[in-house]
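Colleague: I would like to learn how to read a model of this kind, one feature at a time. Could you take me through it slowly, giving the general idea before each case?

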Amino acid sequence: MAKNLRLKAARAAKDMTQKDLADAVGVVRQTINAIELGDYNPSIHLCIAICKTLDKTLNDLFWEEDHL
Amino acid sequence: MKQNHTEFDERQLQIRGKIFQHGFFLAILLIFLNSLLQDCGIVWAETFHEGVLMMMLLITVVSVEFQLRGAYFGKGTLPGMAALMVLMGLSSLSLLFLCCMHMAQGESLLSKGVLTGNGTSLILGIFVLTIPACAGVQLIREKRNT
């Protein structure tokens with residue numbers, strides 16, 4: 001799985017650390033790290049929570065045009 | 001939708017499931033190997049000590065795998081778990097200290113090729129110490145990353 005640089009950029013734009021985002025969505029920091037590195041494919045429930053926290057849409061953060 | 005009310009998040013629960021599977025297969029392997037040794041007439045410890053050591057080996061392997069894959073500490077459990085780790089570290093160190101004292105008094109670890117109570121305690125102490133030691137290293141790495 002490819003790295004999710006859009007998530008990393010969106011988090012940085014909000015000036016949040018991985019720990020801040022993890023606390024906001026109710027997971028541990030390693031899980032956010034794994035998503036950013038592309039090591040873990042999050043559930044839709046977690047994707048929505050992340051999008052809401054970062055004020056982004058699912059398309060903005062998780063849709064991959066290459067897979068169309 | 002069913003909500004996750006455990007202290008572990010979804011990734012941790014997935015990982016823990018896989019690791020418990022490894023643990024299950026390791027348990028079967030250990031029991032099989034021990035039975036094989038018994039069938040060959042090889043006695044390496046008393047039956048009770050065999051059971052305790054195999055169980056502790058299993059717990060240690062599973063705990064270390066949890067820690068290496070970030071699925072040991074759940075959300076918000078760090079203070080309680082850190083206290084538990086300190087307690088485990090202290091108890092294992094005291095166990096190892098007692099074993100060394102007994103060894104200094106001339107008690108051996110093996111008797112006719114069979115582990116003595118002191119030998120079992122020494123191995124047990126090393127197993128128990130491995131868990132907080134690994135947790136400590138992981139916590140230091142985690143602090144550096146945040």
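Modeller: Let us begin with burial, where buried means under 20% relative accessible area, exposed over 50%, and partly exposed in between, with a 1.4 Å probe and protein chains only. In chain B, 37% of the 146 residues are buried. This is a predicted model, in which local features need pLDDT of at least 70 and side-chain atom pairs count only at pLDDT 80 or more, while totals for chains, interfaces and linings use all residues. Residues are numbered from 1 along each chain as its sequence is written, chains are lettered from A and ligands numbered from 1 in the order in which they are written, and side-chain values use heavy atoms, with hydrogens and water left out.

Colleague: Which elements make up chain B, and in what order do they run?

Modeller: Helices (H or I, at least four residues) and strands (E, at least two) are DSSP runs, numbered from the N terminus. Chain B has 4 helices and 2 strands, and from the N terminus their order is α-α-α-β-β-α. Along the principal axes, the C-alpha atoms of chain B fill a box of roughly 60 × 35 × 20 Å.

Colleague: How do helix 2 and helix 4 of chain B lie relative to each other?

Modeller: Axes are lines fitted to C-alpha atoms, for helices over the stretch in contact (heavy atoms within 4.5 Å), and angles run from 0 to 180 degrees between N-to-C directions. Angles under 35 degrees count as roughly parallel, over 145 as roughly antiparallel, 65 to 115 as roughly perpendicular and the rest as oblique. The axes of helix 2 (residues 47-68) and helix 4 (residues 117-145) of chain B come within 10 Å and cross at roughly 10°, so these two helices are roughly parallel to each other. Among the residues that meet are B:Leu53, B:Met56 and B:Ser63 in helix 2 and B:Ile123, B:Phe127 and B:Cys134 in helix 4.

Colleague: How many disulfides does the structure hold?

Modeller: In general, a disulfide is a covalent bond between the sulfur atoms of two cysteines; here the criterion is a pair of cysteine sulfur atoms within 2.5 Å. Over all chains the structure holds 0 disulfides. The sulfur of B:Cys99 is in no disulfide, since the nearest cysteine sulfur, that of B:Cys100, is 6.8 Å away.
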